[in-house]
Amino acid sequence: MGLFLVLGLAACSETFINHGFVPPPEDLAAVSIGDSRETVAAAIGTPGAAGVMRDEAWFYAAYRVRNFAYRAPEVIERQILAVSFDGGGRVTNIEEFGLEDGQIVQLSRRVTTSSVREISFLQQILSNFGRINVGDALGGN
């Protein structure tokens, strides 16, 4: 009986999952304004395949998600590092953002109406009989 109680409580315990990578502060200290992309890549690496990489900025992102039994997963920590570059590939800005800097984006739930009529499969087949030219279908002239 005690074993079932322990297993039941263990199934309800929270779990944490970590995603992404943000360089630690001691590695980031080696990067300064005016450094080249190559210097940044050598000091803190390039963003991974899961991150976003553009010509004008590199983004490093890491977050921690808490899962608890039947509840929806919840992001409890988020850290984003943005390293901006100018046209010559030199660092112009280094910014850090946390979970508190994020904003909730409301998705639009509008539904557009379609001009397609709702017709059944049988109606589609029967409506095509008048369109078939038997001579063309048999390869005639």
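**View 1. S36 in its loop.** S36 sits in the loop that links α2 (25–28) to α3 (37–44); helices are DSSP runs of H or I with at least four residues, strands are E runs of at least two, and both are numbered from the N terminus. This is a predicted model, with pLDDT of at least 70 needed for local features and 80 or more for side-chain atom pairs, while totals for chains, interfaces and linings use all residues. Residues are numbered from 1 along each chain as its sequence is written, and side-chain values use heavy atoms, leaving out hydrogens and water. S36 counts as buried because its relative accessibility is 12% (buried is under 20%, exposed over 50%, partly exposed in between; 1.4 Å probe, protein chains only). Setting aside neighbours within four places in sequence, S36 touches G89 and R90 (contact: heavy atoms within 4.5 Å).

View 2. Strands β2 (residues 57–68) and β3 (residues 74–85) pair antiparallel over 10 bridges; pairing takes at least two DSSP bridges between two strands. Here W58 faces V83 of β3. The hairpin has 5 residues between its strands, and A69 in the turn shows a positive phi of about 45°. Y63 also belongs to β2 and, at 36% relative accessibility, counts as partly exposed.

**View 3. On to β4.** β3 also runs antiparallel to β4 (residues 91–98), joined by 7 bridges. F85 has V91 in β4 as its bridge partner. Again there are 5 residues between the strands of this hairpin, and G89 takes a positive phi near 80°. G89 is one of the residues in contact with S36 from View 1.
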